[in-house]
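Me: I would like to learn how to read this structure. Please start with the terms, then take my questions in turn.

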Amino acid sequence: MTSDARSISGAAGRFVRWETAITALLVAVFVGGIGVSPDFGNSGNLSFALRDLSEIALIALPMTLLVVCGQVDLSVASVLGLCSALTGKLWDGGMSIEAIIPIVLAVGLVCGLINGFLVTKLGLPSLAVTIGTMTLYRGLAYVTLGTGAVSQFPSTYTDMTLNNVPGTPIPYPIALFAVLAVATGVVLHATGIGRSLFAIGAQEDAAYFAGIRVKRIKLVLFAVSGVVAALAGIIYTLRYGSARADNGLGLELTVIAAVLLGGIDFDGGKGTLGGVIAAVLVIGLLRNLLMLNDVSTETQSIVTGLLLIISVLTPRLIAVFREAQGRRRGARPATPAASS
Amino acid sequence: MTVRLRLPRRVFAAATAGALALSLAACGGTTKDSAESSGDKAASGKTANPNAPMEKGLKLAFLPKQVNNPYMKIVDDSGIAAAKGFEAEAKEVGPSDASASSQVSYINTLIQQQHDAIMISANDPNAVCGPLKQAMQQDIAIVAYDSDTAPECRDVFIKQASSEDIARTQVEMLAEQIDSKGKFAILSATANATNQNAWIELMKKELEKPEYAEMELVKVAYGDDDDQKSFQQTQGLLQAYPDLKGIIAPTTVGIAAAARYIDGSEYKGKVAVTGLGTPNQMRQFIKNKTVEEFALWDPKQLGYLAAYAGGALASGQITGKEGEVLKAGDLGERTIQPNGEIILGPPTKFNADNIDEFQF
C-alpha cells in the first residue's frame, strides 16, 4: 500500500514535466501558427478548429479514465457510427430529436456495458474485446442504415452544433466539452475514485487487495465511454447534417493518439487530464495550421505519427535514463510500477 | 495514506441520469415531418453582368472527392490549366480518403485563405453544406462538379451530361454497330442504382422511335458493379439468348467485364458491346476489335468548364440563375439549366481513331 502510494505520487511528480512540455508545445504551435499563417489567429478560424475537435475531445475524456486504469476502448468510433446511423434511421422514421436522443444514448450505454461485461466478467483483455466490438458495432451501423445517408435535419438542431456561445468564439459542443472536462478532472484528480483509477492502472492486484472494486469501476468506465461516444455520435450527425454508418471512421486512433500524447501511460497508472486536453488542442491546431499552409494530408499524418512516437518514446527514455542515473548514484532502483 | 472509496454504483447511476437529463434538456418536439427545410440560397439578390470582364488574379481551388484519384486528377489538372489561361491562380487540395466529413476542414481552410471560388466534387451532398453556406456568405463562389451538393449550398453544378444524352448516345452507338437490327440486353449495375435506372428508362423511350423498330431489348441484367458477377451475367445472357446481337453496359465495371468475356469467347466479332467505360479500361478491347465504340464524358472538359464557371461567378458574369449564359473559352457557351445545372454536353465517344488521346 505504501509502496504503491509512493510510486503514484512519484509518477505524478514526473509527469508534471510532461504536462508542462505538452503545454509548451501548445503555446509554440499557437504562437508559431500566428507567425507562419496570417489566417490562423482569427477567431473564426480558431472557432472552427475547436468545433472540428468536438467529438475527439469529448471521447478523449472517458478514454483518459480508461487508459489511466490500464484499459482501452477501440470501439468508440464504431459506437459513434452506430449511433449516427440510428439517429438517422429514427429521424427518417418520423421520430423527434428529443425522443431520439435518450434512445441513442441508451444504445451507447448498452454498447459500453457489453464491452465492460466482456472485459470484467470474462476477464478478457480490453484491447481484444474492443477490436471485436469495433467491427461488430460498425457492422450493426451498416445494417441499420446501409451505405446511404439521412440528412435534412432541422436547422434549429444543426445550428446548436455549428454556432458559438453568444459573445464568445466557443462553439456549443466545446462548451459542453468544457463542462464535462471539469467534471472528469475533478473525478480523476480530486476524488477517491480517481485515486482508485490510478491504483488499478499501476498495480491491479494490489488495488484489488486494497479493497478497490476493480471490476465494478471498469464496468462503469466502459459504460460511460459508450454513452459519451453516443453523445458524440449525435453531435457528429447534427454537425455535418448527415447520418451515415461510416461516420467517424478511424476516429478512435486520433483519440488514443491524443491521450498518449497527453502523457497518459498506455500501461496505466500515470498522467493528468490537463495533459490530454492540451494534447487534443495541439493535434487540432497543428492539423489546422498544416492545412492552412497547404500541407498534404499524407504529410499531416506523418507529422501526427511522429508526434505520437515521440510522446510514447520520451517518457521511456527518461525512465531508462533516470534508472541508469539512480544506479550510478547507488540509489535504490525505481519500483517496477514506477519504471513501467 | 488510505484510498477513499465511494460506491461506484452511485457514479454509474449518476452518469446515466446525467446523460439522460442532458438529452432531455432541449424541449419541444420537432420531427422530420414538422421540420421545414431551409432551401434559401445564401447568395441571392445578386445580378449577373454578362459583359463584366473576367477578373485577373482570382484565387480558385479544386476540392475533389479525394486526392490521388486518377480520374479526379485529370479533371482538376485540366481545370488548373484552364484557370491559368484566364490569369487566375488555381490549386487542388483535398482529403486522402473519400469519407463524408473529410472535406469539411478543407472548406474552412479555403475560406480562411480567402479564395474567390471553390470547385467541389462532394462526397456527401449534405455533410459539406454548413461550411459551404458559410463560404457563400463570404462571397466565395461555389461550383459543384462531377458530384453535386445539396442545391442550396452551391451556385452551380457542372453536370457531366444530361441523362437524355447519355441514354440516346448508347442506343445510337449500338444501333450503328448492329445495323439497327436484332435482340440486345442491358447489363446494369445494381437494381436500385438511381442513375442507371433513369438511363434505362430513357433508353426504352428512345427505342420507341421508328428507326429502332427492329431492335428488341430482351433483358436487363444486373452485375452489381462487381467484376466477377458482371462477367457471369454476360455469360448467362449469351447462353439464354444465343441470337443476341449486342449488350449495352451503362456502367464502367459492367462494360469491361462484358468485353472481357466476349473477347475470350466464340462470340467475339458477333456480339457488339457498348456503353459507358473509361479509355484505360477499354483500350485493349478497342485495339483487338472486341469493342467498336463506347462513351463517357471527357474529364478534361469537365475540369475546364468548372474552372470557367468558378471564374465567371467570381467575376460577376453569372450568378447561377436559370437562363444565364456561361462563356467557357474553347468550349463555347453553356446556358444555365433549372436548379443551377450546367451540362457539359453529349458524352464523348471513344473508338480506335481517338482512344489514344485519352489517358484516364
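Reply: UniProt positions are given in the numbering used here, feature names are shortened, and annotations may be inferred rather than shown by experiment. This is a predicted model, in which local features need pLDDT of at least 70, side-chain atom pairs count only at pLDDT 80 or more, and totals for chains, interfaces and linings use all residues. Residues are numbered from 1 along each chain as its sequence is written, chains are lettered from A and ligands numbered from 1 in the order in which they are written, and side-chain values use heavy atoms, with hydrogens and water left out.

Me: Where in chain B does UniProt place "domain: Periplasmic binding protein"?
Reply: Helices (H or I, at least four residues) and strands (E, at least two) are DSSP runs, numbered from the N terminus. The annotated span is 45% helix and 19% strand, and its end C-alpha atoms lie 19 Å apart. The annotation comes from an unreviewed UniProt entry and sits at residues 61-317.

Me: How much of chain B is buried?
Reply: Chain B has ten helices and 14 strands. It exposes about 15,700 Å², with 48% supplied by carbon and sulfur atoms; such areas come from the Shrake-Rupley method with a 1.4 Å probe, and for residues only the protein chains shown count as cover. Buried means under 20% relative accessible area, exposed over 50%, and partly exposed in between (1.4 Å probe, protein chains only). Of the 360 residues in chain B, the buried share is 52%.

Me: What distance does helix α2 of chain B reach from its first C-alpha to its last?
Reply: The expected span of a helix is 1.5 Å times one less than its number of residues. Helix α2(B) covers residues 70-85, which is 16 residues, and 22 Å is expected. The distance in the model is close to that, at 23 Å.

Me: Which elements of chain B are included in what covers the buried residues of α2(B)?
Reply: The buried residues of α2(B) include Tyr71(B), Ile74(B), Val75(B) and Ile80(B). Contact means heavy atoms within 4.5 Å. The cover includes β1 (59-63), β2 (89-92), β4 (141-145) and α10 (299-314).

Me: Which residue has a side-chain oxygen that reaches the backbone nitrogen of Tyr71(B)?
Reply: A polar contact is a pair of N or O atoms within 3.5 Å; within protein, one must be able to donate a hydrogen and the other to accept it, and residues adjacent in sequence count only if both atoms are side-chain atoms. Here the oxygen comes to within 2.9 Å of that nitrogen, at the start of α2(B). It belongs to Asn69(B).

Me: Why is the pair of Tyr71(B) and Phe360(B) called by the name it has?
Reply: Rings of Phe, Tyr and Trp (its six-membered ring) pair if their centres lie within 6.5 Å, and planes under 30 degrees apart count as stacked, over 60 as edge-to-face and the rest as tilted. The whole structure holds twelve aromatic pairs over all chains. In this one the centres are 6.5 Å apart and the planes at 50°, so the pair is tilted.

Me: How many residues apart are Tyr71(B) and Phe360(B)?
Reply: Tyr71(B) is in helix α2 of chain B, while Phe360(B) is in the segment after β14 (348-351). Phe360(B) is buried, at 10% relative accessible area. The pair links distant parts of the chain, and the separation in residues is 289.

Me: Is Lys289(B) buried or exposed?
Reply: Lys289(B) lies in the loop between α9 (279-287) and β10 (293-296). Most residues other than glycine have a negative phi. Lys289(B) is not a glycine, yet its phi is positive, about 65°. With a relative accessible area of 69%, Lys289(B) is exposed.

Me: Which residue of chain B does Asn126(B) touch, not counting those up to four places away in sequence?
Reply: Asn126(B) is in the loop between β3 (117-120) and α4 (129-137). It is buried, with a relative accessible area of 14%. Its contacts in chain A are Ser151(A), Gln152(A), Tyr240(A) and Gly241(A), and in chain B it touches Ala150(B).

Me: How many residues of α13(A) are buried?
Reply: Helix α13(A) covers residues 273-292, has 20 residues and reaches 29 Å. The unreviewed UniProt entry includes residues 273-290 of chain A under "transmembrane region", and that span is 100% helix. Helix α13(A) is largely enclosed by the rest of the structure, because its buried residues number 16 of the 20.
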